[in-house]
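Please consult the sequence and the structure while reading.

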Amino acid sequence: MSLSGYRLNPSIAVSDMERARDFYEGKLGLVAAHAGADGSRIYEAAGEASLHVYPSSAHAGKSTATLATWYVDDVEQVVDELSTNGVTFEHYPEVTTDEKGISPRAGGGKVAWFKDPDGNTFAVEGDG
């Protein structure tokens, strides 16, 4: 049996669910498809339940890696919209970015990284 035929959803630990809801729902515009008794949320993306955000102060913000990437049609437009909502995009010393935080990808495309209030890193990536 292979797992390649099954849907995969990232789970993100946060220290404060109210603050997380303000960010994920208010700034990113995600819609909760399910709410757990512990305050956790499963958010929709592309019509599917896709991102599990749950309370865990012990694990929130511990990873330095990108935890999830949204693949979008127009990176510039998405960065502009999210910036208007108060999302700050990262500028890394080892990565070339423009003033908005958008980096060209080798072989084409663009990517931009941002963090949630706990420091969990996410990206938007696409051709435009």
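Strands β3 and β4 pair in the antiparallel sense over 5 bridges; strands count as paired if DSSP finds at least two bridges between them. Strands (E, at least two residues) and helices (H or I, at least four) are DSSP runs numbered from the N terminus. The model is predicted: local features need pLDDT of at least 70 and side-chain atom pairs pLDDT 80 or more, while totals for chains, interfaces and linings use all residues. Residues are numbered from 1 along each chain as its sequence is written, and side-chain values use heavy atoms, without hydrogens and water.

β3 and β4 form a hairpin with 2 residues between them, and Ala-46 in its turn has a positive phi of about 55°. Strand β2 (residues 32-35) also runs antiparallel to β3 (residues 41-45). The hairpin of β2 and β3 has 5 residues between the strands, and there Gly-39 takes a positive phi near 95°.

| Strands | Bridges | A bridge pair |
|---|---|---|
| β2 and β3 | 3 bridges | Ala-35 with Arg-41 |
| β3 and β4 | 5 bridges | Tyr-43 with Leu-51 |
| β6 and β7 | 3 bridges | Pro-104 with Lys-110 |

An open sheet of 4 strands has the order β5-β8-β7-β6, with mixed pairing. β5 (66-71) and β6 (102-104) each have a single partner strand, so one side of each lacks a neighbour in the sheet.

The largest nonpolar core has 24 residues, and Phe-89 and Phe-114 are among those with the most contacts inside it. Such a core joins buried Ala, Val, Leu, Ile, Met, Phe, Trp, Tyr and Cys residues through side-chain atoms within 4.5 Å, where buried means under 20% relative accessible area (1.4 Å probe, protein chains only).

Definitions and conventions:
Buried means under 20% relative accessible area, exposed over 50%, partly exposed in between (1.4 Å probe, protein chains only).
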